[in-house]
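Thank you all for coming. Please have a look at the chain on the screen, and then I will walk you through a few places in it.

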Amino acid sequence: MSTITFSSAAVLPARPATRLRLTARGRRVVLSVAAVPLAIGIAFAALSGGSAMASGEQAATATFATVTVMPGDTLWSIAESIAPGADPRDVIGDITRLNLLRGGELQIGQELAIPAQYSE
């Protein structure tokens, strides 16, 4: 019978995997290469985005009926005068949202836009 023996010289040692190392200059190069498509996209958006309004076409504008706030007026009294058949709380909510009022504070002489459903 014959025997087979293996020596350590017959087995090749596995090569250790080397990691990719980037120097500071290499990192800057990779970053600049990655940033070029982003810069091109931003430039394209900036250049083509302004052409919509510059085309000379008129933009549609909304017109609202307005009420001028007089001394002693409150949102409740204005709501009752413009929509006598509606719930004043709903009308006040609509006026507040349309005019972006905070806390219901009114100034004398202030122009309040009236929602379309109440200005008819």
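Let me begin with a question: is Gly-109 buried, partly exposed or exposed? With a relative accessible area of 42%, Gly-109 is partly exposed, where buried means under 20% relative accessible area, exposed means over 50%, and partly exposed lies in between, taken with a 1.4 Å probe and with protein chains only. Gly-109 sits in the loop between H3 and E2, and its C-alpha atom is 8.3 Å from that of Pro-71, although these two residues are 38 apart along the chain. If we leave aside neighbours within four places in sequence, Gly-109 is in contact with Thr-68 and Val-69, a contact being heavy atoms within 4.5 Å.

Residues are numbered from 1 along each chain as its sequence is written, and side-chain values use heavy atoms, with hydrogens and water left out. The pLDDT is the predictor's confidence in each residue, from 0 to 100; the chain averages 83, and 82% of the residues score at least 70. Where pLDDT is low, the predicted coordinates should not be read in detail.

Now to the overall layout. The chain has 3 helices and 2 strands, which from the N terminus run α-β-α-α-β; helices (H or I, at least four residues) and strands (E, at least two) are DSSP runs, numbered from the N terminus. Of the 120 residues, 17% count as buried, and among contacts between residues at least 6 apart in sequence, 54% join residues at least 24 apart.

Let us turn to Asp-94, which is found in helix H3 and is buried, with a relative accessible area of 19%. Not counting residues up to four places away in sequence, Asp-94 touches Pro-115, Gln-117 and Tyr-118. With Tyr-118 there is also a side-chain polar contact of 2.8 Å, that is, a pair of N or O atoms within 3.5 Å, where within protein one must be able to donate a hydrogen and the other to accept it, and where residues adjacent in sequence count only if both atoms are side-chain atoms.

How many salt bridges does a search of the whole structure find? It finds 2, a salt bridge being a side-chain nitrogen of Lys or Arg within 4 Å of a carboxyl oxygen of Asp or Glu. One joins Asp-94 to Arg-97, with the closest N and O atoms 2.7 Å apart; these residues are 3 apart in helix H3 and so are separated by about one helical turn, and Arg-97 is exposed at 58% relative accessibility. Another joins Asp-87 and Arg-89 at 3.2 Å, N to O, where Asp-87 is partly exposed at 28% and Arg-89 is exposed at 58%.

Key. Predicted model: local features only at pLDDT ≥ 70, side-chain atom pairs only at ≥ 80, totals over all residues.
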